[in-house]
Amino acid sequence: MSAACRAPQSTNDSRSRRRGGRRGRAALLAAGAAVAALTLSACGSGGTSGGGGNTNFVTGSDGIATLDKGDRKDGPKIDGETLTGEHLDIADYKGKVVVLNVWGSWCPPCRAEAPNFVKVANATKDKGVRFVGINTRDPQKGPAISFEKDYKVPYPSLHDPMGKLMLRFPKGTLNPNFIPSTVVIDRDGKVAARSQQPLNEEKLRKMIDPLIAEK
C-alpha cells in the first residue's frame with residue numbers, strides 16, 4: 001500500500017477501514033456519506049483525475065503534474081473558517097503563489113511531510129509564497145489544532161471535515177483527490193501544479209520555484 005490515501009467512496013468502504021484507529025474511525029463515520037461524491041475508494045500514489053477531453057497537464061515520473069502558463073485555468077473559490085475560527089479566502093492572496101495542502105491529523109503520510117512544508121513555508125514567505133492547509137476528515141478541530149502545534153505550522157488551515165472544498169475543483173483538472181494532496185496556484189489565481197503524494201522538501205520546491213521565477 002502506498003503512502004497517499006484517497007477519501008472513502010461509500011459507507012461500505014468506510015466500514016472496511018474502521019480498523020485504522022480511533023481518530024480514523026470517527027472521521028470516516030462522520031464524513032463518509034458527504035464525500036461519497038468524490039468517488040474515491042483506495043490508497044494510491046496519485047495519477048490523473050477523472051473527466052474527458054484534453055487536460056493539457058503532464059505528470060512526471062516524480063508524480064508532479066504541471067501545466068504550461070498558457071494552459072492554466074482559474075482555480076475555484078476556496079474559502080471558509082480556519083481551525084482558529086477566522087475567515088480565510090485565498091482570493092485575498094492574488095498576486096502571491098499559493099500552496100494548498102490537503103491533510104488530516106489521522107494521516108501518517110501527512111505527518112511525514114509536515115516538517116518539509118513548515119521549512120519551505122518559512123523559507124519562501126519573503127518570496128511572495130503563501131501556504132494554506134485544507135484540513136479534512138477531522139470532525140473535531142482539537143486533533144488538527146494539536147497537529148499544527150506539534151509541528152509548529154506557521155500558516156492557517158481551513159477546516160473542511162466533509163471534503164467539500166476538494167469538490168470545488170472540476171474533474172479532469174488538477175484537482176486534489178488524495179490525502180495528502182498539494183495544489184499550487186500561480187500569481188494570477190490559476191492552478192499550475194499538483195501532487196497527490198507526500199512531498200519531501202526537494203519535490204515541494206520543484207513545484208514552487210518555477211512559479212516564483214515567473215514574471
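In which loop is the place of P180? Select P180: its place is in the loop between strand 9 and strand 10. Helices (H or I, at least four residues) and strands (E, at least two) are DSSP runs, numbered from the N terminus. A cis peptide bond joins I179 and P180, with omega at about 5 degrees.

Before continuing, note that this is a predicted model, in which local features need pLDDT of at least 70 and side-chain atom pairs count only at pLDDT 80 or more, while totals for chains, interfaces and linings use all residues. Residues are numbered from 1 along each chain as its sequence is written, and side-chain values use heavy atoms, with hydrogens and water left out.

Two strands pair if DSSP finds at least two bridges between them.

Proceed to strand 7 and strand 8, which pair in the parallel sense over 4 bridges. Within this pair, T136 has D160 in strand 8 as its bridge partner.

Now select strand 11 (residues 191-195), where 5 of 5 residues are buried. Buried means under 20% relative accessible area, exposed over 50%, and partly exposed in between (1.4 Å probe, protein chains only). Strand 3 (residues 64-66) pairs with strand 11 in the antiparallel sense over 3 bridges, and A65 stands opposite R194. Strand 10 and strand 11 also run antiparallel, joined by 4 bridges; here T182 has S195 as its bridge partner. The hairpin of strand 10 and strand 11 has 5 residues between the strands, and G189 takes a positive phi near 80 degrees there.

**Helix 3**

Select helix 3 (108-124). Helix 3 has 17 residues and reaches 25 Å from its first C-alpha to its last, close to the 24 Å expected at 1.5 Å a residue; the expected span is 1.5 Å times one less than the number of residues. At A114 helix 3 bends by about 35 degrees, and a proline, P115, follows within four residues. The bend at a residue is the angle between axes fitted to the seven residues ending there and the seven starting there.

Which residues of helix 3 are buried? Among them are P109, C110, F117 and A121. The buried residues of helix 3 pack against several elements, including strand 6, helix 4 and helix 5 (201-213); contact means heavy atoms within 4.5 Å.

**The nonpolar cores**

Show the largest nonpolar core, which has 28 residues; I78, L100, V132 and I179 touch the most other members. A nonpolar core is a set of buried Ala, Val, Leu, Ile, Met, Phe, Trp, Tyr and Cys residues joined through side-chain atoms within 4.5 Å. The largest share of this core, 4 residues, comes from strand 6. A second, separate core of 20 residues includes A121, A192, L204 and I208.

**Two loop residues**

Finally, select R137 in the loop between strand 7 and helix 4. R137 is not a glycine, although its phi is positive, at about 60 degrees. Then select K152, in the loop between helix 4 and strand 8. K152 is also a residue other than glycine, with a positive phi near 55 degrees.
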